[in-house]
Amino acid sequence: MKSLCTLLGALCLGLGVVGIFVPLLPTTPFLLLAAALWMHSSPRLHAWLLSHGRLGAYIRDFRERRAIPLHAKILSVALLWTSMLYCVVAVVGRWWWAQCLLLAVAAGVTWHILSFATLRK
């Protein structure tokens with residue numbers, strides 16, 4: 001069971017890192033899940049993740065303050081809407097119901113991101 005949790009933690013870490021660069025793939029939830037999976041299955045990996053210079057900050061900020069930095073909010077929302085509007089116009093241009101669905105998803109995710117407190121350094 002521990003090896004499965006360790007493997008799933010590694011998969012979540014990989015998805016979290018990819019999420020830094022891919023607009024619709026979230027980063028923090030995957031990093032939080034990796035930390036949770038490694039907490040008991042691999043204390044060494046858990047400690048490494050929390051002490052990592054870049055990735056550890058995502059987890060610590062969210063776990064301790066339940067807040068997202070302002071630049072992360074702006075970048076997330078901007079990339080989200082850029083991607084969604086491109087999909088609405090160029091990908092699903094003929095299907096009005098798919099356009100409405102994508103816009104509803106974008107609005108919901110935007111609301112969710114903005115509902116968290118803004119981290120002030």
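These legends describe close-up views of a predicted model.

**View 1. Helices α5 and α6 pack against each other.** Helix α5 covers residues 70-91, and helix α6 covers residues 96-115. Their axes lie 10 Å apart, at an angle of about 180°. Angles over 145 degrees count as roughly antiparallel, and α5 and α6 are therefore roughly antiparallel to each other.

**View 2. Residues of the contact between α5 and α6.** From α5, the contributing residues include Lys-73, Val-77, Leu-80, Trp-81, Met-84 and Val-88. From α6, they include Gln-99, Leu-102, Leu-103, Ala-106, Thr-110 and Ile-113. By class, the residues of this contact are 15 nonpolar, three polar and one charged.

View 3. Lys-73 has a relative accessibility of 5%; residues under 20% count as buried, so Lys-73 is buried. Beyond its neighbours within four places in sequence, Lys-73 is in contact with Ile-68, Ile-113, Leu-114, Phe-116, Ala-117 and Thr-118. Ile-113 and Leu-114 belong to the α6 side of the contact between the helices.

**View 4. The aromatic pair of Trp-95 and Trp-97.** One aromatic pair is found in a search of the whole structure. Trp-95 and Trp-97 form this pair, with 6.4 Å from centre to centre and 25° between the planes. Planes under 30 degrees apart count as stacked, so the pair is stacked. Trp-97 has a relative accessible area of 51% and is exposed.

Notes:
Residues numbered from 1 in each chain as written. Predicted model: local features only at pLDDT ≥ 70, side-chain atom pairs only at ≥ 80, totals over all residues. Heavy atoms only, no water. Phe/Tyr/Trp six-rings, centres within 6.5 Å; stacked < 30°, edge-to-face > 60°. Buried < 20%, exposed > 50% of the residue type's maximum accessible area, 1.4 Å probe, protein only. Helix = DSSP H or I, 4+ residues; strand = E, 2+ residues; numbered from the N terminus. Contact = heavy atoms within 4.5 Å. Axes fitted to C-alpha atoms, helices over the stretch in contact; angles between N-to-C directions. Parallel < 35°, antiparallel > 145°, perpendicular 65-115°, else oblique. Nonpolar A, V, L, I, M, F, W, Y, C, P; charged D, E, K, R; others polar.
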